[in-house]
Amino acid sequence: MDTLLQSDLSAVVEGVNMLWVLTVTFLIFFMHAGFAMLEAGQVRSKNVANQLTKNLLTWSVGVVIYFLVGAGVSSFVGGAGFAESFAYINGGSTAWVSWLFGAVFAMTAATIVSGAVAGRAKLRAYVTYTVLLAGVIYPVVVGFTWAGGFLSSMGFHDFAGGMIVHGMGGIAGLTAAWVIGPRMDRFNDDGTANVIPGHSLPFAVLGTLILAFGWYGFNVGTAAAPLAEGGTELADFAYVGRVALVTTLGMAAGAIGAAGIALLKTGKVDTLYVANGLLAGLVAITGVADAIVWPGALALGLLAGAQLPVVFEFVEKRLRIDDVCAVFPVHGSAGIMGIVLFPFVAVDGFSVAQLVAQVVGAGVITIWTVAATALVFGAIRALGEARVTPEHEREGLDTSEHGVDTYPEFGQPDGPVVDGSGVRTDGGVIGATAEHTDEGENE
């Protein structure tokens, strides 16, 4: 009887914990809506549909490749045997839930890249890179770390992907933008930069807040297991609460840090700097949220937000790389900073060995990501398939790549469109009264 009761309790524990993992997985998946809005808001109106399509295909193509290849590659690189690495494909519900939790992390890394190359990359080039990132580039990074590879053996600490997911994605985006080259008219011959504003600040801010909401799935979801294994004892929710607290304080401090530096540099508080600073604060916290307390969260968040305007200006004016959605200062440099500074804010105190492990880990991931991304996009560029033609870029990728107009009424006359013969091209009848036309109804 006792054995049966214990078995029943274990089943309940496993079921509740699996349900929790699925819930936070769906929360992380919802971050793709945030990425879509954030990136769409920061591109020109003629490229919105292209950016949204890339976000949709990142998930759709990437998650299939990660299931068939990527997850197995990560385990194989981490030291597991080939059969064991790919056993999840035929595994049970527990294996598939674990795979899906890993998949939403992988797709987050993949979608970051699209924001860096917006406005000029061919769709086929981006999708090709997504296939390779989901199948090889990101899984190798996971193999080095979470899957038990040599960086894990060194003691490299990355709780929920500050470097493995976000840092890697930001570095990949910067490298891809460098290889493809800047948008037309972004830089002048004398090296000065022209501002090409995005078309919708409301979209960008909405996307930021959706991402911040989903981020609790990243950090708190990684920390929590509602029930302890082997019984119905509640898990350590003091620890979970601390992760939630530092995540919240980190994002807030990031926004404040970016706003402060923007005010010092220009005398104005730039809205996009504030939004992206909030995200940079989250990135810096993500890798270390399990092992710091609130003063460290405030310090890392402020530093991550403060570095954003400085790094963005360096990338733009010194490197002359056109990182459209600022993915490197938001995800790349903020991720590196949070990981490297971890020993200085860790609850266990400073450790030289930990600092070495963090620096080596960040360096290895950076070198691998830059090399792999440059190789892929370099090969695509050599084939002449990296970016659209100047005519198509000037026309807009919505029309040239997708045959659609995201905002068809922008710049169009209020009345019916008439060709040279006096015939309405929209199918209406010239001379119809306002009562019987769409225009009249709208009026």
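**Close-up views of a predicted model**

**View A. Phenylalanine 86 is found in the loop that joins α4 (82–85) to α5.** Helices here are DSSP runs of H or I with at least four residues, strands are runs of E with at least two, and both are numbered from the N terminus. The structure is a predicted model, in which local features need pLDDT of at least 70 and side-chain atom pairs count only at pLDDT 80 or more, while totals for chains, interfaces and linings use all residues. Residues are numbered from 1 along each chain as its sequence is written, and side-chain values use heavy atoms, with hydrogens and water left out. Phenylalanine 86 has a relative accessible area of 19% and is therefore buried; buried means under 20% relative accessible area, exposed means over 50%, and partly exposed lies in between, with a 1.4 Å probe and protein chains only. Apart from residues up to four places away in sequence, phenylalanine 86 touches Leu68, Val69, Gly72 and Val73, where contact means heavy atoms within 4.5 Å. Between phenylalanine 86 and leucine 68 there are 8.4 Å from C-alpha to C-alpha, although the two residues stand 18 residues apart along the chain.

**View B. Alanine 71 belongs to helix α3.** Why does alanine 71 count as buried? Its relative accessible area is 8%. When neighbours within four places in sequence are set aside, alanine 71 is in contact with Tyr66, Ser85, Tyr88 and Trp99. The C-alpha atoms of alanine 71 and tyrosine 138 are 9.5 Å apart in space, and the two residues are 67 residues apart in sequence.

**View C. Helix α3 (residues 48–77) packs with α6, their axes coming within 8 Å and crossing at roughly 30 degrees.** α3 is therefore roughly parallel to α6; angles under 35 degrees count as roughly parallel, over 145 as roughly antiparallel, 65 to 115 as roughly perpendicular, and the rest as oblique. Axes are lines fitted to C-alpha atoms, for helices over the stretch in contact, and angles run from 0 to 180 degrees between N-to-C directions. α3 passes α6 in a right-handed crossing. A crossing is right-handed if the near helix is turned clockwise from the far one by less than a right angle, and left-handed if anticlockwise. The contact of α3 with α6 involves 17 nonpolar residues, eight polar and one charged. In this division, Ala, Val, Leu, Ile, Met, Phe, Trp, Tyr, Cys and Pro count as nonpolar, Asp, Glu, Lys and Arg as charged, and the others, Gly among them, as polar. Threonine 130 is placed in helix α6 (residues 123–144) and is buried, at 2% relative accessibility. Beyond its neighbours within four places in sequence, threonine 130 is in contact with Thr58 and Gly62.

**View D. Helix α5 (residues 93–116) and helix α8 (residues 162–180) have axes that come within 8 Å and cross at roughly 30 degrees.** The two helices are therefore roughly parallel to each other, and α5 passes α8 in a right-handed crossing. From α5, the residues that meet α8 include Phe105, Ile112 and Val113. Their partners in α8 include Val165, Met168 and Leu174. In the contact of α5 with α8 there are 11 nonpolar residues, five polar and no charged.

**View E. α8 also packs with α13, at an angle of about 140 degrees and with axes 7 Å apart.** This angle makes α8 oblique to α13. Their crossing is left-handed. Residues of α8 in the contact include Gly162, His166, Gly170 and Gly173, and those of α13 include Phe328, His331, Gly335 and Ile339. The contact of α8 with α13 divides into seven nonpolar residues, eight polar and no charged.

**View F. Aspartate 185 and arginine 320 have positive phi values although neither is a glycine.** For aspartate 185, phi is about 70 degrees. Aspartate 185 is located in the loop between α8 and α9 (201–223), and with 52% relative accessibility it counts as exposed. For arginine 320, phi is near 55 degrees. Arginine 320 is located in the loop between α12 (294–318) and α13 (327–340), and with 36% relative accessibility it counts as partly exposed.

**View G. The protein chain has 18 helices and zero strands.** Of its 443 residues, 49% are buried. Among contacts with a separation of 6 or more, 76% join residues 24 or more positions apart.
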